[in-house]
Amino acid sequence: MLREFVRLSSNCLCKRSFKLPVIDSNFYSISLRSIHLDSVKYNNNRRFYRFKKPKDNVEQIYDAFLVLDFESTCKDGFGTLKEQEIIEFPCLWLDGKTLEVTSKFHSFVKPKLCEQLDPFCVSLTGINDDTLADQPHFETVLKEFLEWLKRQKSINNAEKTVFVTSGDWDLKVMLPLQCKYSDIPVPAQMTKWINVKEAFCISTGTYPYGLKHMLEILEIERVGRLHSGIDDCTNIANIVKKLAERGIVFGT
């Protein structure tokens with residue numbers, strides 16, 4: 001019996017054109033049963049996954065995917081640095097029809113609260129104090145990003161766009177914290193996103209440990225280094241493309 005289909009913290013909706021394993025009330029528990037469904041509704045106004053029949057054509061409903069992956073100040077050990085700040089802000093414009101990257105935004109960000117990066121952060125991200133020395137603060141970078149986004153929407157005549165992240169941390173945790181530190185509001189258009197891990201789970205029946213795990217299972221060659229924001233964006237974009245080829249249709 002299907003008790004709850006899936007909990008979606010990022011309000012993600014996906015479609016797929018093949019038989020899929022059922023996800024039970026425990027989000028990490030995968031059943032061996034397979035079913036064909038046009039739709040499965042989730043109660044309490046939550047989003048739901050909808051599956052397409054094999055005869056249906058797979059077509060994305062978004063004009064573009066905005067693939068984003070922040071890097072932030074950090075120290076070794078979970079939760080050891082309470083006031084994290086964004087130090088790398090990358091975003092790729094992934095065309096919803098061709099699934100090719102046609103534009104990118106990339107900027108490093110000079111932190112205000114952190115005067116010197118921890119050696120662990122430098123080793124993890126490849127970003128050092130010299131990299132950030134002459135970079136703008138977050139308020140300026142966010143303004144430049146929103147201007148870039150507005151231009152891209154105009155150039156591409158894109159009405160429907162959505163952010164895509166690997167996990168919920170970037171837009172659910174880090175962006176609100178950074179905006180709080182900077183005393184600016186969180187842009188409304190950055191309050192909804194697709195967590196590619198959830199689409200990956202539906203497509204493969206496996207909840208991923210992280211970006212590297214998804215690349216390995218989908219047999220995608222990794223680009224660059226892990227925890228480089230711009231390289232991670234490229235790898236996430238390649239995962240989105242592969243999942244779309246496997247029948248996933250992303251939506252909210």
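In this predicted model, the sulfur of Cys121 lies 3.6 Å from the closest cysteine sulfur, that of Cys74, which is too far for a bond. The cut-off for a disulfide is 2.5 Å between sulfur atoms. The count is 0 disulfides. Cys121 is buried, at 0% relative accessibility. Cys179 is also buried, with a relative accessible area of 1%.

Salt bridges number 3 in the structure. Asp63 pairs with Lys97, with 4.0 Å between the closest N and O atoms. This pair joins distant parts of the chain, 34 residues apart: Asp63 sits in the loop between strands E3 and E4, and Lys97 in the loop between strands E6 and E7. Asp63 is partly exposed at 24% relative accessibility, whereas Lys97 is exposed at 70%.

Lys241 and Glu100 form a salt bridge at 2.7 Å, N to O. Here helix H7 is linked to the loop between E6 and E7, across 141 residues. Lys241 is partly exposed, at 26%. Glu100 is partly exposed, at 39%.

Lys112 and Glu139 also meet in a salt bridge, at 2.7 Å, N to O. Lys112 lies in the loop between E7 and H1 and Glu139 in helix H3, so parts 27 residues apart in sequence are tied together. Lys112 is exposed, at 52%; Glu139 is partly exposed, at 25%.

The largest pocket has a volume of about 950 Å³. Its lining comprises 33 residues, and Glu71, Gln84, Leu124, Trp169 and His227 are the closest to the pocket centre. Helix H4 gives the most to this lining, with 4 residues. By class, the lining has 13 nonpolar, 10 polar and 10 charged residues.

Notes:
Residues numbered from 1 in each chain as written. Predicted model: local features only at pLDDT ≥ 70, side-chain atom pairs only at ≥ 80, totals over all residues. Heavy atoms only, no water. 1 Å grid on protein atoms, 1.4 Å probe; cavity = no way out; pocket = protein on both sides within 12 Å on 5 of 7 lines; lining within 4 Å. Points joined across faces, edges and corners; volume = space filled by probe spheres on them. Helix = DSSP H or I, 4+ residues; strand = E, 2+ residues; numbered from the N terminus. Nonpolar A, V, L, I, M, F, W, Y, C, P; charged D, E, K, R; others polar. Buried < 20%, exposed > 50% of the residue type's maximum accessible area, 1.4 Å probe, protein only. Salt bridge = Lys/Arg side-chain N within 4 Å of Asp/Glu carboxyl O.
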